[in-house]
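Thanks for making the time this morning.

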Amino acid sequence: MGIQVRAGLGAVMAAALLLISACGEANPGDDGVIDEVSSEEPTEAAPAPELPAFDPPTKFDAAALVAMPPEASDSKVSIGGTNILPLPVALSGTTAFVASVNRLQVVDAITGEVLTTVEPALAAANQPGIGVFVGSNPTEAPLLAEVDGAAVVLVPFIVDREAAGTEAPGRALELIGVDAATFEPVLTATVDLADWADDSYNSVNAVALAHSEGVVVVEVSGGGHQTIGIDLATREQVWTRDFGVEVVAGDTLIGWPTQGSTGLETGIAGLSVKDGEPKWQGNMDYDGHGLKPAGPKYFVTIKDETLSSTEDAFNIVDAATGAVVDSGLGDYALIDCQYDGADTTICFRRGEDWAGAFDANTSEWLWSLPDEAGSRIAPMVTTVWHGAVYGLTENGPVVLDARTGADLEIAPGAAPYLVNEYIGIAADEASGGVAAFPATA
């Protein structure tokens, strides 16, 4: 392994930020019928000014920020910003889609105006509440997928199904697809859940994980794990597994079978997004490791090999086969990794002392900070996108080149948690939440 991590002080665990951006129009299903979904009428507002696109952006206008709804950051960022979980937000152009347990808000990221709100047709099983601790809000970002050549925002809800005739009441999954350009609901699918979802004392939650060949995968958790494949053309469930997904890499779901799962061996497995069938399974070589995303080709596993804070195994694994392609020992405690959506995977210890990068296509290590001379420090990474690494140092926000680690911009104006070519979503000191910062370079 080409790069080792220096000993660190430890840090809080954080998850990879989810970033997506696209635009387009969506069409109803082949039968021409769109199932009814509760939605407020889109606001008839004056057209917002167009913003220039920068791919990737390296500067943001802090004077022109607009606050996002509280749900955009509820229980996702700690005071001080050292513990950061993925925001429940998806960006498409200059529109922010903000998810919560009972609705989806469509927000103009230039003006901050809520353009429309989409709610499930059935009653939401959960209600939002402002959490005290980071991680107490289970909502994750909507999934932006191309459906029939158009961009559609997919958001799942856990709903309560009422009794009807001889059918008992129970919990169900309601998946809604919203046109990313018109903000109108264009599809909905309702799927019954496993019995444990009705009996669970825990909050039952859902996240849309992946889309491939017309099938979207949703994981339901909270007292159990049920991973479901839904055909977007027929709006029907096509497969289900008792399986907890940790990482999505391309068209592969990596995780563990839950207790009592049928048809899968014990140990980490990689399942196909399309049909839920195992590509590989029963791998015990790195069972029990923390799994980290590393792009469409690889994932990373980390495990304390010697019960020592300075001896951890860091493995880069081929997602399609489960084979380890690179391995090394070092101080990898509390390391996270993020893929930049282009060619590079960045790994880092949030709020601590190390960051490094490897090629997402070859697994070759590219750079690490601090450097051996001790002349450059590692930033606290906030997100990565299209060849840029965004973060903070004691000197303020900074943007690095993802391929070389060199400084791209030392005064970017913001350190975004989520970014596309128009907007960065970053901390808003005035509100204590997050705000949209327009890109200027």
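What pLDDT does the protein average, and what percentage of the residues score at least 70? This is a predicted model, and the protein averages a pLDDT of 85, with 82% of the residues scoring at least 70. Over residues 4-39, however, the pLDDT is below 50, although this stretch has 131 contacts in the model beyond near neighbours in sequence. Residues 42-46 also have a pLDDT below 50, and that stretch has seven contacts beyond near neighbours in sequence. Where pLDDT is low, the predicted coordinates should not be read in detail.

Let me turn to the core. The largest nonpolar core has 24 residues, and those with the most contacts inside it are L154, L173, V220 and I230. Among the elements that each supply at least two residues of this core are β9 (150-161), β10 (170-179), the helix α1 (195-199) and β14 (225-231), while the largest share, four residues, comes from β11. If we take L173 and leave aside residues up to four places away in sequence, the residues that L173 touches include P156, F157, I158, A189, V191, V218 and I230.

Now to the sheet. Four strands form an open sheet in the order β2-β34-β33-β32, with antiparallel pairing, and the edge strands, β2 (66-67) and β32 (418-419), each pair on one side only. Between β2 and β34 (residues 434-438), which run antiparallel, there are two bridges, and A67 has A435 in β34 as its bridge partner.

How values were computed:
Residues numbered from 1 in each chain as written. Predicted model: local features only at pLDDT ≥ 70, side-chain atom pairs only at ≥ 80, totals over all residues. Heavy atoms only, no water. Core = buried A, V, L, I, M, F, W, Y, C linked by side-chain atoms within 4.5 Å. Buried < 20%, exposed > 50% of the residue type's maximum accessible area, 1.4 Å probe, protein only. Contact = heavy atoms within 4.5 Å. Pairing = 2+ DSSP bridges. pLDDT = per-residue confidence, 0-100.
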